[in-house]
Amino acid sequence: MANNEKPEYRTLILDLGDVLFSWSAETNTSISPQLLRALMSAPTWHDYERGRFSQTECFERIGREFSVEPSAVDEAFKQARESLRPNEDLLALVRELKAQFDGRLRVFALSNISLPDYEYILKLPTDWSIFDKVFASAVLGERKPDLVAYQKVVEDTGIDPATAVFVDDRIENVEAARALGIHGIVFNKQEGVFAALKEAFGERVKAIQTAKVED
């Protein structure tokens with residue numbers, strides 16, 4: 001293949017939170033949206049997403065570190081979890097794109113997510129059948145953007161990074177994927193992601209969009 005020739009992508013890897021699912025940091029608790037996001041950026045939370053702490057231990061540690069009651073942390077995250085809503089348009093695009101490939105496109109999810117949240121999200125009324133496998137950081141023992149998280153996915157699936165597309169809402173996660181030779185797309189606006197997928201997968205996405213217009 002010539003250096004300037006676009007590869008034929010055979011794998012799509014998607015983030016879950018803020019890509020395939022939206023959620024709200026607004027809760028009816030003493031924890032503001034800003035504080036909730038700060039908790040999720042703390043090293044303790046990151047280790048929780050790596051599966052190193054139980055939920056109880058994590059909330060107790062977070063409570064001490066941020067001077068908040070663990071019970072308030074528990075309730076805030078419970079409400080945030082209940083606010084999860086699937087991105088039906090993106091899910092429909094992925095479902096139809098996979099059908100266009102007639103079984104030759106593999107689709108995976110790679111998410112920084114705790115075990116309790118992962119177990120919760122799997123019970124949501126979502127078409128999980130479009131995924132060949134879901135990789136949760138709490139199960140992997142590693143999280144994005146650490147390269148080892150991506151390497152474990154590559155090793156487990158046997159995919160060729162050069163023929164894989166990765167979509168995530170955080171630039172640092174996308175840059176890490178690119179470092180392994182994966183084609184990275186930053187999810188900022190939905191229409192921008194659809195355009196980027198169209199650029200990556202070409203006529204198949206065009207056919208899907210045309211069918212939607214005709215419907």
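Reply: Start with pairing. Two strands pair if DSSP finds at least two bridges between them. This is a predicted model. In it, Leu12 stands opposite Val165 in S6.

Me: What makes S1 and S6 a pair?

Reply: Four bridges join S1 to S6 (residues 164–168). The rule asks for at least two, so S1 and S6 pair. The two strands run parallel.

Me: How do you know that S1 pairs with S4?

Reply: By the bridge count again. S4 covers residues 106–111, and four bridges join S4 to S1. At least two are needed, so S1 and S4 pair. They run parallel. Thr11 has Arg106 as its bridge partner in S4.

Me: Why are both faces of strand S1 called covered?

Reply: In a regular strand, side chains alternate between the two faces of the sheet. In S1 (residues 11–14), Thr11 and Ile13 are on one side, and Leu12 and Leu14 are on the other. These residues are all buried. Buried means under 20% relative accessible area.

Me: Why is Asp18 called partly exposed?

Reply: Asp18 has a relative accessible area of 32%. Buried would need under 20%, exposed over 50%. The value falls in between, so Asp18 is partly exposed. Asp18 sits in the loop between S1 and S2 (21–22).

Me: And why is Ser67 called exposed?

Reply: The relative accessible area of Ser67 is 68%. The cut-off is over 50%, so Ser67 counts as exposed. Ser67 lies in the loop between H3 (55–66) and H4 (70–82).

Me: What makes the backbone at Asp18 and Ser67 worth a note?

Reply: Most residues other than glycine have a negative phi. Phi of Asp18 is near 70°, a positive value. Phi of Ser67 is near 55°, also positive.

Me: How do you know that the bond between Lys144 and Pro145 is cis?

Reply: Look at omega. The value is about 5° for the peptide bond that joins Lys144 and Pro145, a cis bond. Most peptide bonds are trans. Pro145 is in the loop between H7 (137–140) and H8 (147–157).

Me: Why does the radius of gyration agree with a compact globule?

Reply: With 215 residues, a compact globule would have a radius near 17 Å. The chain has 18 Å, which agrees. The C-alpha trace spans about 55 × 40 × 25 Å along its principal axes.

Note on methods
Residues are numbered from 1 along each chain as its sequence is written. This is a predicted model: local features need pLDDT of at least 70, side-chain atom pairs count only at pLDDT 80 or more; totals for chains, interfaces and linings use all residues. Side-chain values use heavy atoms; hydrogens and water are left out. The radius of gyration is taken over C-alpha atoms; the globule rule is 2.2 Å times the number of residues to the power 0.38. Buried means under 20% relative accessible area, exposed over 50%, partly exposed in between (1.4 Å probe, protein chains only).
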